[in-house]
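The model is a predicted one.

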Amino acid sequence: MPYSPPSPETLKALETAPNMYLVLSPGLYILTASDMYLEATNNKRELIVGKHIFEAFPANPDLPDADGVQNINFSLQEVLRTRKPHFMEIQRYDVPDILNPGQFITRFWDPSHSPVFTEDGEIHYIIQMAVNVTDKILAQEALLRQMEDNKRLEISEKHFRNLADIVPAKISNALPDGQLTFLNDKWLDYTGMSFEDMRDFGYHQMMHPEEVPSFQIQLAEAAAKGVALESEMRFRDKYGVYRWHLNVASPVFNDNGELIMWVGSTTDIQRMKEEDRQVQQMINMLPASVVVIRTNDLVVEMINQSNLDYWNKTAEEVIGRRFLDILPDLADQPFAGQLRHVIATGEIIDVKESPVLFENEDGTIRETFVDYTYQPLTDLNGIRNGVLVMSFEITDRVMSRRLLERYAHELQSLNELLVNSNRDLAVSEQRFKYLIHEAPVAIGILTGRDLVITSANGKILEVWGKHDGIIGLSLIEALPELQGQPFLQILDDVYTTGQAFHATEIPAKLEYKDGLKELFFNVVYQPIQPEFGVTTDILVVAVDVTEQVNARRRIEQAESMLRLALEAANVGTWSMDVETRELNVSSRLKELFGFRGDETVTMDACVNQIAPEHRDRVIAANEDVLDNGGLYDISYPVQGFHDKKSRWLRARGNMSHSAQTNRASFTGVIMDISDVKQEETRKNDFFGMVSHELKTPLTSVKALLQLARMKLNNTDDQFLVGAMDKANVQVNRMTAMINGFLDISRFESGKIHIDKQYFDCSALIQEVINEVTFMLGSHVIAFENNGPVIVSADREKIMSVISNLISNARKYSPQGKYITITCTRGHQEIVVSVKDEGMGIKPGDLEKIFDRYYRSESSHTRNIAGFGIGLYLSSEIIHRHEGRIWATSEAGVGSAFYFSLPL
């Protein structure tokens with residue numbers, strides 16, 4: 001008997017059905033396909049009708065192991081053999097891309113096949129119903145990858161702890177309340193305590209009691225400002241001895257700007273403190289007046305007592321202040337200009353018998369005379385930033401010479417004065433020799449061009465690794481390991497030219513008992529020329545800075561590791577000086593804005609690549625952080641300068657202040673989030689499109705159900721009446737769900753409109769209760785109606801919020817329980833609450849329940865229908881009204897949802 005296909009009306013009904021249907025003849029030829037099936041497979045009906053199913057949908061040749069065709073064919077054969085529906089596991093079955101011939105689109109399906117019979121009992125046609133679960137499967141795969149990433153993060157944290165134990169500093173982590181969560185081995189070795197002993201505020205027990213109150217105040221201020229705290233303080237070691245440390249506490253904030261952790265780095269600076277004190281003692285013992293002045297502002301960093309006496313000042317009046325603020329009466333004299341000239345050029349200024357005029361408190365002028373030398377000073381990076389001033393007040397000597405010139409007949413008296421001066425000079429020379437031997441820095445004297453060691457204090461013998469038996473030997477005899485190193489030539493040049501030599505962090509290899517070692521020194525080779533400019537001796541001064549050099553190298557290595565980590569993470573970085581607005585960016589950041597890695601990029605150049613409609617928002621956010629500080633987190637689209645590629649970028653950063661330079665910088669990172677943005681756009685477009693497509697058939701179905709219900713009014717068949725009512729309820733539910741998805745799409749695209757009007761909120765609540773009472777026969781609704789509460793809002797949207805909260809209370813609470821509703825009026829807002837006596841919400845879920853598509857998963861909620869959009873939409877509606885929405889809950893007791901509207 002020849003095959004007779006279904007009627008055109010039947011095929012048309014299947015084509016418009018709200019499901020994914022493929023209709024096959026018993027010979028497996030395609031009769032038609034539903035609109036949703038064509039949309040899911042990116043196909044057209046005229047291209048597949050009349051073809052065999054596996055001709056229209058062949059296997060993807062790029063997936064040799066795929067078994068989709070084999071499994072589908074088996075299922076169809078089972079239907080033909082058994083004449084029963086056949087259900088399958090989820091299959092991967094890619095579909096041809098008709099826009100790109102030869103290519104396939106990835107698809108995962110949940111398929112089933114059902115036979116439809118003729119009146120004679122023969123298989124008329126087979127319906128393949130396929131649910132597209134591609135997004136779900138891909139999301140599961142992404143979740144697995146995320147779990148693997150979390151595992152790698154755990155390994156990274158272990159790596160951090162191992163790294164913290166090998167760095168030279170004492171590293172600690174603490175909660176905002178001060179409770180320690182991590183101490184590296186350096187801390188535990190220093191204190192002699194276990195981590196458990198230190199954890200509960202043992203850190204503060206190690207501080208010197210005098211410094212605890214100020215530290216706690218400074219730490220609270222740093223937390224409020226979101227900046228690191230850097231301070232010098234004393235910590236007690238395991239022997240009960242307090243040592244000075246540089247303590248840096250850096251705050252760590254979460255995405256909400258909340259302080260979640262303190263990260264501490266503590267470095268022992270006891271030796272540096274002692275050396276500073278020793279240097280101060282040494283310069284106080286010098287017969288000359290000494291002062292160290294730093295930066296172009298001429299700030300006094302160090303001064304000896306002789307210079308304080310000369311200026312008639314105390315140390316508190318001088319240290320840390322500017323030269324001309326200390327001595328404003330010297331503003332019109334040449335000294336400030338000469339000091340800045342030395343810093344700028346590095347030239348040594350040596351002046352004899354310079355007059356210096358001071359103004360006394362009574363207005364009179366005190367005239368003095370000095371011999372002074374300005375020597376340039378450099379920092380650890382070799383940058384000139386200061387001047388060493390050494391001066392001798394020779395007022396008495398100048399005045400004496402003037403008296404000699406004026407009064408020749410008093411020559412005898414002046415000769416006696418000269419004898420006294422020579423005696424004082426001899427005493428000064430003895431003091432100078434004593435100073436050399438007792439100085440805490442390495443000092444020695446080399447005589448003649450052979451560089452014979454004629455004087456060496458204990459410190460320089462310790463540095464050389466020798467004893468005083470080398471005195472009288474030439475330098476090369478005493479230290480033969482200097483052969484091949486530059487020092488002998490440098491010293492010879494100093495001797496022959498009479499020019500002093502200065503160097504910082506110069507490396508030297510010296511022989512000790514345990515072998516040859518490399519050390520680093522700051523050195524001064526000063527020629528001594530008693531008369532006629534002829535060098536007789538060289539004064540050698542050396543300071544061992546090996547520990548500082550090694551510490552800086554370790555810091556540089558750590559910074560390099562951090563830079564490599566950022567580059568490996570494909571993250572761009574930037575830093576900006578807040579005062580100069582000078583921008584420093586990484587190569588990756590340049591690439592994200594479409595620049596080449598070797599180009600110089602300014603802030604304006606980056607801003608110009610931002611899409612015009614977002615540019616003002618980004619500029620305002622930048623200026624807000626630069627003016628007020630705080631966390632910087634903003635996303636925006638850009639178009640690459642050279643590659644013209646469109647990207648979405650997310651920038652995060654904050655302000656930081658340097659206690660050393662007293663300057664602020666704006667630093668942060670930038671990431672490419674284009675994939676995330678594209679995924680959000682595709683998802684919103686999908687929901688909007690599907691929801692619009694579903695509304696038309698649902699409207700028709702609802703009309704048919706209402707018409708059928710009207711015709712059943714006079715029937716006695718209560719089963720049909722009840723079934724029709726239940727079907728109408730299900731259609732209403734589906735309509736509400738589709739409207740929810742549409743609202744999400746509108747919210748995301750900014751097309752939702754709030755139509756405000758004045759209405760009685762209490763009356764609206766009662767209206768909602770009346771409408772849903774027939775659905776809530778299993779629950780008791782108690783509304784505490786306290787009279788009219790007039791509010792200006794969108795009545796329909798507020799009604800949907802109230803309906804959603806009541807519906808949730810019904811779904812998540814047992815039958816027979818109370819649902820209590822209140823509406824109260826305050827001074828500036830009204831508050832509506834819906835309370836149930838249900839299962840409650842877990843604390844971890846409470847803060848997420850208003851997120852889009854979020855549902856709390858448990859054994860109680862697994863069988864409750866819903867997509868997690870109701871509370872999200874309610875939250876959006878309330879926020880568009882400038883109101884608040886929140887919830888409280890107690891497990892096993894119930895939950896309460898609240899929202900407020902402004903009056």
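Q: What is the C-alpha separation of Tyr 374 and Val 351?
A: Tyr 374 belongs to strand β17. Val 351 is 23 residues away from Tyr 374 along the chain, and the separation of their C-alpha atoms is 8.7 Å.

Q: Which geometry, stacked or edge-to-face, describes the rings of Trp 574 and Tyr 632?
A: The model holds 15 aromatic pairs. In the pair of Trp 574 and Tyr 632, the ring centres are 6.1 Å apart and the planes stand at 80°. Planes over 60 degrees apart meet the criterion for edge-to-face. The geometry of Trp 574 and Tyr 632 is therefore edge-to-face.

Q: How many residues apart are Trp 574 and Tyr 632?
A: Trp 574 is buried at a relative accessible area of 10%, and Tyr 632 is buried at 4%. Trp 574 lies in strand β24 (residues 572–577) and Tyr 632 in strand β26 (residues 631–639). The pair links distant parts of the chain, its members being 58 residues apart.

Q: Which strand contains Phe 897, the ring partner of Phe 850?
A: The rings of Phe 850 and Phe 897 have centres 6.3 Å apart and planes at 80°, so this pair is edge-to-face. Phe 850 counts as buried at 16% relative accessibility, and Phe 897 counts as buried at 10%. Phe 850 lies in the loop between α29 (843–846) and α30 (870–880), so the pair ties together parts 47 residues apart in sequence, with Phe 897 in strand β35.

Q: Which residue in the turn between β9 and β10 has a positive phi?
A: Strands β9 (residues 170–174) and β10 (residues 180–183) pair in the antiparallel sense over 3 bridges, and Ala 174 has Leu 180 as its bridge partner. The two strands form a hairpin with 5 residues between them. The turn residue with a positive phi, of about 100°, is Gly 178.

Q: Why is one side of β30 and of β34 left without a neighbour in the sheet?
A: The open sheet has 5 strands in the order β30-β32-β33-β35-β34, with mixed pairing. β30 (780–784) and β34 (884–890) each have a single partner strand, so one side of each lacks a neighbour in the sheet; the reason is their place at the edges.

Q: Which residue in β35 is the bridge partner of Val 832?
A: Strand β33 (residues 829–835) pairs with β35 in the antiparallel sense over 7 bridges. Within β35, the bridge partner of Val 832 is Phe 899.

Q: At roughly what angle do the axes of α28 and α30 cross?
A: Residues of α28 that meet α30 include Ile 798, Val 801 and Leu 805, and those they meet include Leu 871 and Ile 877. The crossing is left-handed. The axes of α28 (residues 795–811) and α30 come within 10 Å and cross at roughly 145°.

Definitions and conventions: Residues numbered from 1 in each chain as written. Predicted model: local features only at pLDDT ≥ 70, side-chain atom pairs only at ≥ 80, totals over all residues. Heavy atoms only, no water. Helix = DSSP H or I, 4+ residues; strand = E, 2+ residues; numbered from the N terminus. Phe/Tyr/Trp six-rings, centres within 6.5 Å; stacked < 30°, edge-to-face > 60°. Buried < 20%, exposed > 50% of the residue type's maximum accessible area, 1.4 Å probe, protein only. Pairing = 2+ DSSP bridges. Axes fitted to C-alpha atoms, helices over the stretch in contact; angles between N-to-C directions. Left-handed = near helix turned anticlockwise from the far one by under 90°. Contact = heavy atoms within 4.5 Å.
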